[in-house]
Amino acid sequence: TRVQRNAASPAQAASGTGGLTMASKRMNMVEAIRDAMDIKLGDDDNVVIFGEDVGYFGGVFRCTEGLQEKYGKSRVFDAPISELGIIGAAVGMGAYGLRPIPEIQFADYILPAYDQIASEAARLRYRSSGEFNAPITVRAPCGGGIYGGQTHSQSPEALFTHVAGLKTVMPSNPYDAKGLLISAIEDDRVV
């Protein structure tokens, strides 16, 4: 339905709530995700985005379109086709003090990276007695709707909801996607 694809944001936030407001502009899911990342890249020089085709190409769904041009190749860049390597690099970046946003092109391909997420990123804070954090926001589009068959339509997010140290979010509309992504990027733990 139209509401699912193009949810309008509230015109005003409830007074005193400090809630996120988006001007009365309508955004689709891709625009909301891109806007959230654009805001955080602008706010914090430690935010970096990387993954398969997210730089020059702008991502398979164009969620990062224009961000490499705006912020440069050292902050928005492509990675080799190695999901395990992408997340492993993000763990190191997070421990170093960056706020990486690694993108796995389709959630179906996240399983090779599961060990890095569940065993390394999620446990880093605990394992180091709080000396290191892993402020990583892993993005992985999932679900049906693109007619991608068996390798582009799965929803493996439930696997991550059972791992201590991880937060899993699944926005249902553009307004929530923008707010949740901004909050995730600001979080000092793995989302």
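Start by selecting D38 and K70. They form a salt bridge, with the closest N and O atoms 3.0 Å apart; the term means a side-chain nitrogen of Lys or Arg within 4 Å of a carboxyl oxygen of Asp or Glu. D38 lies in helix α2 and K70 in helix α3 (residues 67–71), so the pair ties together parts that are 32 residues apart in sequence. Helices (H or I, at least four residues) and strands (E, at least two) are DSSP runs, numbered from the N terminus.

A note on the model. It is predicted: local features need pLDDT of at least 70, side-chain atom pairs count only at pLDDT 80 or more, and totals for chains, interfaces and linings use all residues. Residues are numbered from 1 along each chain as its sequence is written, and side-chain values use heavy atoms, with hydrogens and water left out.

Stay on D38. Helix α2 spans residues 29–43. D38 is buried, at 19% relative accessible area, whereas K70 is exposed at 52%. Buried means under 20% relative accessible area, exposed over 50%, and partly exposed in between (1.4 Å probe, protein chains only).

Next, select K40 and E186. Their salt bridge has its closest N and O atoms 2.9 Å apart. The pair links distant parts of the chain: K40 in helix α2 and E186 in helix α8, 146 residues apart. K40 is buried at 8% relative accessibility; E186 is partly exposed at 45%.

Move to R99 and D188. Here the closest N and O atoms of the salt bridge are 2.4 Å apart. R99 sits in strand β3 (residues 99–103) and D188 in the segment after α8, 89 residues apart. R99 counts as buried at 16%, and D188 as partly exposed at 35%.

Last stop: K167. Find it in the loop between α7 (158–161) and α8 (174–186). K167 is partly exposed, at 42% relative accessible area.

How many salt bridges does a search of the whole structure find? The search gives 11.
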